[in-house]
Amino acid sequence: MSTLRVTAEVLTVHEHPNADALELAQVGLYRAVVAKGAYRTGEAAVYIPEQSVLPAGLIEELGLTGRLAGSKADRVKAVRLRGELSQGIVCRPKALADVDLVRSAAEGTDFAEALGITKWVPPIPPTMSGEVESAPDLLPWVDIENIQRYPGIFTPGEPVVLTEKLHGSACLLTYVADGERVYVSSKGFGAKSLALKEEPRNLYWRAVRGHGVAEAAARIAERLGARRVGIFGEVFGAGVQDLNYGADGRRATLGYAAFDVSAEIDGQVRWLDPAEVLEGELPLVPRLFEGAFDIERVLEVATGRETVSGRELHLREGVVIRPVVERYSAVTGGRAIAKAVSPAYLTRKGGTEYE
């Protein structure tokens, strides 16, 4: 899940092809449906991204009572309006009436707190929870931003790799060579430097034991001379999320695919290419494309059918984009890594979004 920032943005406004009273306000590569004439190209407005939870007063002010997602009808979710995908909300809240939005856009001001907007936290089913312990040695995962929100993360023509983004639950494992200690966590607990104590019914521990993830991490640590090795994988199957890739969820067939690996070597944590480090050790997420970065090509690959099962059982969630050579990004303030999500995935019915 990406970070939550509610910012002012300079808009580009397009005609809505199927509605005379509506238009499309573009932010990055996202487009949000707005009332015709409400905004003009070059003007600034506030952009509230998907997965934002809005306070009741703001919902009423924007005329969205009963129209948002979630059990409380307060969560922003992608929808299709008259055939066009609308992602996020473009508005000018009364609370910011005296704010220079053009200047705020240039300065990157975050209005989330001022507007009472919070980030939606997915529910945690019992099988994904459990008793936790402090784990300061745990190697954390990072939030991945959407390339449509921040298209400048990569430059046109830059060599990149696209891997399939799976709809499961992220499993974090850290192996510490000193003492041969193993920490297992979820993305949410891992962000707090907490690990889950081993429990045979816990989803992540079942996957780790069923696929020999800890043993693979130990071998990699020895091979690289690393003090710590972090392996990040997606756990999937029936009962994990609504998309199961043909895995029925039992221990023997619980799906697992590694998507990243890091290692602390000589006191420095480095991100490594999973295809080089984990090939032959663990199942990997499918690599769908390697070549020059082109945003249209990325968005094309993000759609379609899944390739994990080999049977195209259901739609594809999207792709993760990373450079062939790991590097820093001034756009993200960290790793150069991003995701692109399929519109069909965003607007599917009956979807689950557990952490």
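Me: Helices, of at least four residues, and strands, of at least two, are taken as DSSP runs and numbered from the N terminus. With that settled, where is the place of Ala-73?

Reply: Ala-73 lies in the loop between α1 (56-61) and β7. Please bear in mind that this is a predicted model.

Me: What is the phi of Ala-73?

Reply: Ala-73 has a positive phi of about 50°, although it is not a glycine. As background, most residues other than glycine have a negative phi.

Me: And Tyr-245: is its phi positive or negative?

Reply: The phi of Tyr-245 is positive, at about 60°, and Tyr-245 is not a glycine either. Tyr-245 is located in the loop between β17 and β18.

Me: Since β17 and β18 have come up, in what order do the strands of their sheet run?

Reply: The order is β15-β14-β17-β18-β19, an open sheet of 5 strands with antiparallel pairing. β15 (181-186) and β19 (268-272) stand at the edges with a single partner strand each, so one side of each has no neighbour in the sheet. On average, neighbouring strands of this sheet are turned by 25° against each other, direction ignored.

Me: How many bridges pair β14 with β17?

Reply: Strand β14 (residues 169-176) and strand β17 (residues 228-236) pair over 8 bridges in the antiparallel sense. Tyr-175 stands opposite Val-229 in β17.

Me: And at the other end, what joins β18 to β19?

Reply: Strand β18 (residues 255-265) is joined to β19 by 5 bridges, and the two run antiparallel. Glu-264 stands opposite Val-269 in β19. These two strands, β18 and β19, form a hairpin with 2 residues between them. Asp-266, in the turn, has a positive phi of about 55°.

Me: Next, the sheet that includes β13: is its pairing antiparallel or mixed?

Reply: The pairing is mixed, in an open sheet of 5 strands ordered β12-β24-β21-β13-β20. Its edge strands, β12 (145-146) and β20 (287-292), each pair on one side only. Strand β13 (residues 159-165) and strand β21 (residues 318-323) run antiparallel and are joined by 6 bridges. Within β21, Arg-322 stands opposite Val-161.

Me: Which strands does helix α8 lie across?

Reply: Helix α8 (residues 295-302) lies across β13, β20, β21 and β24 (338-341). Its direction is at about 140° to β21.

Me: Turning to helix packing, at what angle do α5 and α6 cross?

Reply: The axes of helix α5 (residues 203-211) and helix α6 (residues 213-224) cross at roughly 60° and come within 5 Å. The two helices, α5 and α6, are therefore oblique to each other.

Me: Which residues meet there?

Reply: From α5, Ala-207, Val-208, Arg-209 and His-211 meet Val-213, Ala-214 and Glu-215 of α6. By class, the residues of the contact of α5 with α6 are 4 nonpolar, 1 polar and 2 charged.

How values were computed. Residues are numbered from 1 along each chain as its sequence is written. This is a predicted model: local features need pLDDT of at least 70, side-chain atom pairs count only at pLDDT 80 or more; totals for chains, interfaces and linings use all residues. Side-chain values use heavy atoms; hydrogens and water are left out. Axes are lines fitted to C-alpha atoms, for helices over the stretch in contact, and angles run from 0 to 180 degrees between N-to-C directions. Angles under 35 degrees count as roughly parallel, over 145 as roughly antiparallel, 65 to 115 as roughly perpendicular and the rest as oblique. Contact means heavy atoms within 4.5 Å. Ala, Val, Leu, Ile, Met, Phe, Trp, Tyr, Cys and Pro count as nonpolar, Asp, Glu, Lys and Arg as charged, and the others, Gly among them, as polar. Two strands pair if DSSP finds at least two bridges between them.
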